[in-house]
Amino acid sequence: MAVLGSVAAIAAPALLPAAPAAAQSVTAFNVVPNPPPPLPDLVTDAREAWRVRDRARLAAMRQAAFDQQHPLAPWFDYWELNARLSDAQQPEINAFYARWPGSYVEDRLRNDWLLELGHRRDWANFRRDLAGYKMQDDREVVCYTLLADPPKRDLRETARAAWFAQRDADEGCNMLATTLHENGEFKDADVWRKLRLVVETNKPRAVKQAGALLGKPEQDALAELMDKPERYLNKKAGASPRAKAELTMLALMRLMATDFDKSEDDVRRWAPKLPNDLSAWLWAQYGRQAALRLKDEANEHFERAMKLQARLGGPLEWSDETVGWIARAALRGDAGAPRPEQLLAAIALMKPADQKDITWQYWRAKAQQQLAPSGPGGDAQRREAQETLRAIASPLSFYGKLAADELKLRLPLPPPPAELTAQERAAALALPGIQRAMQLLAVGLRGEGQREWNFTLRGLSDRELLAIAQAACERELWERCIQTSERTKGEIDLAQRFPMPYRADVFKQATAVGLDPAYVYGLIRQESRFMMDARSHVGAGGLMQVMPATAKWTAKKLGVEFRPDMLHDRDTNLRLGTGYLKLVMDSFDGSQAMAAAAYNAGPNRPRRWREGPQLDAAVWTENIPIWETRDYVRKVLSNATIYAQLMGREGGTLLRDRLGRVIGPAAASAPDIPANGGN
């Protein structure tokens with residue numbers, strides 16, 4: 001059996017092969033330490049005092065930091081003032097801005113203060129502070145801004161867009177919606193559309209908040225249908241008046257999401273009774289839920305929805321996610337036969353930015369190829385498709401590589417940039433924001449360090465970014481190294497974007513179990529960005545982000561010792577991570593795409609996802625129902641091809657070779673392997 005063979009390989013490690021010259025060249029960083037700031041315990045204690053809002057301790061620690069001219073004094077100042085922001089007044093806020101002009105903490109506090117001013121409805125000070133706000137990335141601030149300084153034209157459309165884009169309940173966007181609903185700018189129809197959007201994404205707090213704009217009977221009905229949609233449909237649903245129809249629609253959406261198999265009779269019973277626009281929305285939602293479950297019937301439901309919508313005319317109000325699943329279902333088609341006409345129609349429904357996304361450019365070109373008439377009559381259409389593929393072909397992205405493979409182009413990797421000068425390196429290290437970020441990272445305050453770092457990167461040139469990335473690489477801050485280098489446009493340093501730390505250990509463990517080291521590197525880069533202390537929100541840890549339960553199971557399978565405190569030991573983490581990955585890959589007949597999906601989402605899910613017809617492996621990947629896993633698989637495989645090229649390896653540089661040609665039902669039952677995360 002393949003699994004038994006892989007365990008044997010683990011038990012008898014192979015010798016590490018000689019490093020290719022290309023691999024040696026891309027790992028040549030002069031490693032230097034990243035020392036912590038003075039009084040590191042004072043920093044972490046202050047951060048904890050801020051977390052629990054201990055104002056007295058914060059005041060004392062802030063004073064101590066100021067007395068000692070601590071390099072992280074701006075953060076002590078921020079934590080202390082932020083903890084009492086609800087009692088603060090504009091003069092002391094202005095004094096804070098004056099102490100730390102142009103810094104991240106100045107803009108961070110300005111963001112916090114804008115939210116406080118919006119809460120207070122202090123629009124005069126809000127407008128003054130808004131002029132200096134640089135990040136401009138807080139949607140709640142956007143909603144407050146529309147209240148403080150409403151545009152003279154198109155207020156309703158601008159405000160609707162901001163409210164509909166709100167991901168969950170917050171005070172600012174709710175205040176905007178309440179104000180505009182009360183003055184008649186927002187209609188009940190806007191509220192019902194908002195409710196459909198937040199029910200679709202299962203945001204109960206946002207449902208309750210939007211429902212509060214309606215009457216008490218509607219609010220009570222919403223609470224009931226969110227909790228027990230089937231009971232509501234059986235006892236209280238109706239198709240008129242309009243409010244009743246909207247509530248019925250929401251109950252149907254809720255039932256589809258919570259018990260899809262039970263919803264068919266209700267959908268077919270109510271669809272003809274509802275107003276045409278709601279009926280179209282209902283069939284689109286039913287299609288989306290079917291598509292998420294990879295059912296062929298999704299296309300039938302989407303087809304009905306699109307025909308109804310076409311007869312109605314007017315703007316499409318379905319979510320971007322729903323439209324995306326119309327396209328993915330068309331790729332799967334019926335029993336594996338794609339629907340290129342539906343795919344093109346779905347792409348045409350997307351907003352312009354999504355149509356330009358490389359994903360849909362690639363699939364649009366493929367659909368055009370499929371639909372082109374044979375003979376000279378289809379030559380123009382085929383040329384257009386070829387030109388699209390040629391325009392997006394790239395050695396640095398999943399769909400760029402697929403396009404290149406389609407065209408049989410062997411694209412070289414970008415050449416390395418000119419060597420950084422001593423002056424460029426020194427200038428990078430002299431940036432106060434980078435200095436503070438490195439000190440925050442050195443004491444484990446990753447969130448604060450990353451935000452300080454990213455703020456400092458705004459508006460920098462490629463050369464400046466490369467110099468900062470180099471400093472991060474040399475301090476083994478691999479996540480910062482990669483993220484910073486990925487921002488460059490014209491000059492691309494693949495040694496920074498795709499570093500190979502711990503090379504001897506990775507090669508040893510990968511080759512010991514029979515895995516391609518490039519594939520292992522591609523997965524680690526996506527899992528942890530090579531940060532040994534990385535820990536996920538579900539408890540996975542180390543380079544390969546192994547869950548404690550998975551580590552225990554794998555160690556028993558391999559016959560090696562394991563204790564939970566060994567999870568962050570590099571050798572142990574690599575041995576158990578590669579061992580688990582090999583067992584998973586063998587259970588999927590060597591499929592790198594399915595193994596990556598299993599590593600991220602657990603083996604049971606890709607086993608279900610492969611049921612049904614045989615599909616083109618790229619179509620299968622694009623139809624992975626979980627966005628995070630879909631993105632993960634694409635990046636792991638793309639990473640692996642780049643690592644193979646950097647290593648100078650003969651094979652593995654074509655994405656198609658890694659992705660495979662088709663994915664379909666398993667020929668035999670697979671061994672039972674637990675999830676690395678619990679699904």
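Gln309 is found in helix H19, which spans residues 298-312; helices (H or I, at least four residues) and strands (E, at least two) are DSSP runs, numbered from the N terminus. At 15% relative accessibility, Gln309 counts as buried, where buried means under 20% relative accessible area, exposed over 50%, and partly exposed in between (1.4 Å probe, protein chains only). Leaving aside neighbours within four places in sequence, Gln309 is in contact with Ala280, Gly314, Pro315, Leu316 and Trp318, contact being defined as heavy atoms within 4.5 Å.

The model is predicted, so that local features need pLDDT of at least 70 and side-chain atom pairs count only at pLDDT 80 or more, while totals for chains, interfaces and linings use all residues. Residues are numbered from 1 along each chain as its sequence is written, and side-chain values use heavy atoms, with hydrogens and water left out.

**The protein as a whole**

- The protein has 40 helices and two strands.
- For 679 residues, a compact globule would have a radius of gyration near 26 Å, and the 28 Å of the protein agrees with this. The radius is taken over C-alpha atoms, and the globule rule is 2.2 Å times the number of residues to the power 0.38.
- Along the principal axes, the C-alpha atoms of the protein fill a box of roughly 70 × 70 × 55 Å.
- Of the 679 residues, 55% count as buried.
- The accessible surface of the protein comes to about 29600 Å², and 51% of this surface belongs to carbon and sulfur atoms. Such areas come from the Shrake-Rupley method with a 1.4 Å probe; for residues, only the protein chains shown count as cover.
- Among contacts between residues at least 6 apart in sequence, 64% join residues at least 24 apart.

**The pair of helices H21 and H23**

- The axes of helix H21 (residues 340-349) and helix H23 (residues 358-371) come within 9 Å and cross at roughly 145°. Axes are lines fitted to C-alpha atoms, for helices over the stretch in contact, and angles run from 0 to 180 degrees between N-to-C directions.
- The crossing of H21 and H23 is left-handed. A crossing has this hand if the near helix is turned anticlockwise from the far one by less than a right angle, and is right-handed if clockwise.
- On the H21 side, Pro340, Glu341, Leu343, Leu344 and Ile347 take part, and they meet Trp360, Trp363, Arg364, Ala367, Gln370 and Leu371 in H23.
- The residues of this contact of H21 with H23 divide into eight nonpolar, one polar and two charged. Here Ala, Val, Leu, Ile, Met, Phe, Trp, Tyr, Cys and Pro count as nonpolar, Asp, Glu, Lys and Arg as charged, and the others, Gly among them, as polar.

**Backbone features in loops**

- A cis peptide bond, with omega about 0°, joins Ser240 and Pro241. Pro241 is found in the loop between helix H15 (229-235) and helix H16 (242-258).
- Gln69 is a residue other than glycine, yet its phi is positive, near 50°. Gln69 has its place in the loop between helix H4 (55-67) and helix H5 (73-82), and it counts as exposed at 70% relative accessibility.
- Asp154 is not a glycine either, and its phi is positive at about 60°. The loop between helix H9 (139-148) and helix H10 (155-165) holds Asp154, which counts as exposed at 54% relative accessibility.

**Further residues and distances**

- Arg108 has its place in helix H7 (residues 104-120) and counts as buried at 19% relative accessibility. Apart from neighbours within four places in sequence, Arg108 is in contact with Tyr78 and Met135.
- Arg108 and Thr201 are 93 residues apart in sequence and 29 Å apart in space, C-alpha to C-alpha.
- Thr178 lies in helix H11 (residues 171-182) and counts as partly exposed at 23% relative accessibility. From Thr178 to Ser397 there are 219 residues in sequence and 44 Å in space, C-alpha to C-alpha.
- Gly184 is in the loop between H11 and helix H12 (188-200), and counts as partly exposed at 28% relative accessibility. Gly184 and Gln69 are 115 residues apart in sequence and 55 Å apart in space, C-alpha to C-alpha.
- Pro416 is found in the loop between helix H25 (398-406) and helix H26 (422-430), and counts as exposed at 70% relative accessibility. Pro416 and Glu491 are 75 residues apart in sequence and 7.7 Å apart in space, C-alpha to C-alpha.
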